[in-house]
Amino acid sequence: MTQDINRRTILKAGGALIVSFSILPAWAQEAAQPAPGPKLPGSLNDERFLDSWIRIDAEGKIVVFTGKAELGQGIKTALIQVAAEELEVEPADIALVTADTGRTADEGFTAGSQSMQNSGTAIRNAAAQVRELLLAKAAEKFGTGSGELKAAEKVITAPDGRKAGYGELAAAIDLHIEAKPQSMLKAPGTLRIIGKSLPRVDIPAKVTGGIA
Amino acid sequence: MAITLDVNGRTQEVDTDPATPLLYVLRDYLKLNAAKFGCGLGQCGSCTVMVDGQAVFSCVTPVMTLEGRKVTTLEGLGTIDAPAPIQTAFIEVQAAQCGYCIPGMMMSAQALLQKNPQPSEREIRDALRTNLCRCGTHMRILAAIRRAGELMKSAAAEKAGTG
């Protein structure tokens, strides 16, 4: 006897099984524990340490991390703009690492226009908090108030002209600390880079056969 | 079987089944990754390269048909530091979203511009009929190709002037 197997009989037999499997992951997500501590902005709420998002080495090299992927929507460029703005550096000063399982925050899917909303918010707040830490460390070094200092081009300058580079300041700061719920974000009127249309950083490699 | 290929002006020997599609040889053997695998059936154009100046689908072109012919990929036009006019134009116009179809688009356009440096809008659109893009950068791609035509024209004029 031959068994007549067609699409319909398979669907009938397997239907219940398919439903039970598709519901389980949804329950698992519902059951996820809320993060301990105060609510933090954007994806900082899940990945709470500043150095999950921003690292500055002793040479002043700045690396920013996002769990979102560049899909041609331009987030590499946009996230670099956000980080450069709050860190008071130029976009070219930022190296960005995108969606790397071993290195970046797990920010789930890159979908639903959520990358700037969640990752952009996390990076903007983390960058502002890192900038404030750099300013505070410089103020401590110079014996001045951090409000009198000026940050630009990876250097913090005191009113009397003394300077300290981001690298040497960062070497004296532990960025493996939890972010705070509130950040000193730059006022809209003072923005230099956010709101400008920059050339996409991924396009040159995409039109020459490189890794974008 | 050893097959000798001329890719981007370099003669290279590849030991492979003669029926292997050119696309696999480019990507897997020669590590030239600009040409993309899209449909594998010659229907989407993302694998387009030039053979003797003609745009061809590398995914359905067996390597054995290419001995003694000149294969040009996007990497052969220019580099990130010294881009070809068409590459400069695509960067200027920002004519890419995800970029998957773009190398194929650019090779179809390059083949057109080499034959016809001043194509009409209709001719550009006809040349790109074989290339699909699902992001929706079509209008920018068309603008970039018009720009590439201008850049190639001024580069040729400069060459004629100095040479």
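**View 1. Val51(B) meets Val71(B) across two strands of chain B.** Val71(B), in strand E5 of chain B, is the bridge partner of Val51(B). The model shown is predicted: local features need pLDDT of at least 70 and side-chain atom pairs count only at pLDDT 80 or more, while totals for chains, interfaces and linings use all residues. Residues are numbered from 1 along each chain as its sequence is written, and chains are lettered from A and ligands numbered from 1 in the order in which they are written. Strands (E, at least two residues) and helices (H or I, at least four) are DSSP runs numbered from the N terminus. E3(B) and E5(B), residues 70-72, pair in the antiparallel sense over two bridges; to pair, two strands need at least two bridges found by DSSP.

**View 2. A hairpin links E3(B) and E4(B).** Strand E3 (residues 48-51) and strand E4 (residues 54-57) of chain B run antiparallel and are joined by four bridges. Look for Val49(B), whose bridge partner in E4(B) is Val56(B). Two residues lie between the strands of this hairpin, and Asp52(B) takes a positive phi near 50°.

View 3. Domain 1 covers 2-75 and domain 2 covers 85-162, with bounds from an automatic or database domain assignment. Their C-alpha centres lie 21 Å apart. Domain 1 has 14 residues in contact with 13 residues of domain 2; contact here means that the C-beta atoms of two residues, placed from the backbone, lie within 7 Å. On the domain 1 side, E3(B) gives the largest share, three residues.

**View 4. The largest nonpolar core has 50 residues.** Such a core is a set of buried Ala, Val, Leu, Ile, Met, Phe, Trp, Tyr and Cys residues joined through C-beta atoms within 7 Å. Buried residues have 20 or more other C-beta atoms within 10 Å of their own; exposed ones have 12 or fewer, partly exposed ones fall in between, and the C-beta atoms are placed from the backbone. Which element gives the most to this core? Helix H4(B) does, with eight residues. At least three residues come from each of domain 1 and domain 2 of chain B. Ile86(B) is among the residues with the most contacts inside the core. Leaving aside neighbours within four places in sequence, Ile86(B) is in contact with Leu77(B), Met106(B), Ala109(B), Gln110(B) and Ala148(B). Apart from this core lies another, of 40 residues, including Leu40(A) and Tyr166(A).

**View 5. Three strands of chain A form an open antiparallel sheet, in the order E4-E5-E6.** Strands E4 (150-152) and E6 (163-165) of chain A stand at the edges with a single partner strand each, so one side of each is left without a neighbour in the sheet. Strand E5 (residues 155-157) of chain A runs antiparallel to E6(A), joined by three bridges, and Thr157(A) stands opposite Lys163(A).

**View 6. Chain A and chain B come into contact.** Chain A has five helices and six strands, and 36% of its 212 residues are buried. The contact between the chains takes 13 residues from chain A and 22 residues from chain B. The chain A side divides into seven nonpolar, four polar and two charged residues. In these classes, Ala, Val, Leu, Ile, Met, Phe, Trp, Tyr, Cys and Pro count as nonpolar, Asp, Glu, Lys and Arg as charged, and the others, Gly among them, as polar.
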